[in-house]
Amino acid sequence: MRAVVFHGVGDIRLDTVPDPVIEQPTDAVVRVTSSAICGTDLHMVRGTMPGMQPGTILGHEAVGMVEEVGRNVRNLRAGDRVLVPSTISCGYCVYCRAGYTAQCDTANPNGPLAGTAFYGGPKTSGPFNGLQAQYARTPLANASLLRLPDNVDDDRAILMSDIFPTGYFGAQLAEIKLGDTVAVFGAGPVGQFAIASAKLMGAGRVIAVDRVPSRLDMARAQGAEVVNFDEDDPVQTILELTGGIGVDRVIDAVGVDAQRAEQGPAANAQTGKGKFDEELSEIAPEQNVQDGQWKPGSGPSQVLQWAVKAVAKAGTVSVIGVYPMNDRFFPIGEAMNRNLSVKMGNCNHRSIVPRLVELVANGSFDPASILTHREPITNAIEAYQAFDKREPGWIKVKLEP
Ligand SMILES: [Zn+2]
């Protein structure tokens, strides 16, 4: 079969590889009908998420048809159309039962303390071959896969593999209540779904901060008030828009590829502006990585500094942007002295996805506008390059195997 394979930092190729087979009784083999490129894939290709093993198939988003199931997959059969959530979970451990499916004790072969198990990631995440391929082995399929209703097409379903649930999770962590004012930093695909989810949870106002005009246009179309941080200081603008109080909740939908403050918070205070961009392409991997290991910056990311300043006293900061395990910077003094709540984590896909599929199936929310490009998998490498360069309008790319 054809698959997008990681060979090294900056080196991915469309290869012909062996078809996957059932290895465990709880496995299914899925014929992928749609996959997608995610900002997290770029973290791996650039090396900002280290530890990728050469030969690993990339990708953690898919919709497909079940080809074959192991004997303990008793809820699915060949021919079922399914959504493959990005993270893998067992459904029976104490964490899965409590809804923390990203912290499943069972799924990660490196053990219960190794972290979230997901497709197409570094060694610490499994590693599991990813979903930018014609076929995929899906472990713990009985508890992880979700059968799709016929009226949810692939274009909509693929967005529920990772980015819609992650945005929704960000809004959940932010503890949004009816009438809240919410700021979303980063209006990439996950940020767009965080905006949508904040509205679904009853937010009164949503303010979106980014620098890419097409992303801000999409946020405005959703009803958000937009701030371009290349034109306006985002903290000052948010304070002006909220009577000097700040927002009730803030969601960081940016993460590690944010350009770090070169000389710490003081330097940013002088310029009044910093720079960030989810999947920012101007950052060369070598600036952030030494000897294959993430090199921590000299202070918290720009977006975290802005987040704690833009939120009201006693407000909530939700972090869903991706940070590596050895990153250790957070503006804790400011957060502590302003009585902030800080919640963060990897999306508990499997506990959220059924609700989202229902919202889309019953017409409560249509995610279709977030998908901007469809490419055959044979164009995958070119699609990665266009997505990496942030060509205008490239918000979300679906790959068709
Ligand atoms: Zn589990």
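Colleague: Which protein donors does the zinc ion have?
Modeller: The zinc ion has Cys 90 (SG), Cys 93 (SG), Cys 96 (SG) and Cys 104 (SG) as its protein donors, at 2.3 to 2.4 Å. Donors are N, O and S atoms within 2.8 Å of the metal (3.2 Å for Na, K and Ca), with water not among the atoms. The model is predicted, so local features need pLDDT of at least 70 and side-chain atom pairs pLDDT 80 or more, while totals for chains, interfaces and linings use all residues. Residues are numbered from 1 along each chain as its sequence is written, and side-chain values use heavy atoms, without hydrogens or water.

Colleague: Why is the arrangement around the zinc ion tetrahedral?
Modeller: The 4 donor atoms subtend angles of 99 to 119 degrees, which makes it tetrahedral (four donors, all angles between 85 and 135 degrees).

Colleague: What spacing do the donors follow along the chain?
Modeller: The spacing is C-x2-C-x2-C-x7-C.

Colleague: Is Cys 93 buried or exposed?
Modeller: Cys 93 is buried, at 7% relative accessibility, and Cys 96 is buried at 9%. Buried means under 20% relative accessible area, with a 1.4 Å probe and protein chains only.

Colleague: Turning to helix H5, how many of its residues are buried?
Modeller: In H5 (residues 163–173), 10 of the 11 residues are buried, including Phe 164, Tyr 168 and Phe 169. Helices are DSSP runs of H or I with at least four residues, and strands are runs of E with at least two, numbered from the N terminus.

Colleague: What do the buried residues of H5 pack against?
Modeller: They pack against helices H6 (189–200) and H13 (349–361), and against strands S11 (247–252), S14 (311–319) and S15 (341–344); contact means heavy atoms within 4.5 Å.

Colleague: Which residue with positive phi follows H5?
Modeller: Glu 175 does, with phi near 60 degrees.

Notes. Four donors count as tetrahedral if all angles lie between 85 and 135 degrees; four count as square planar and six as octahedral if opposite donors are over 155 degrees apart and all others between 65 and 115; anything else is irregular. Buried means under 20% relative accessible area, exposed over 50%, partly exposed in between (1.4 Å probe, protein chains only).
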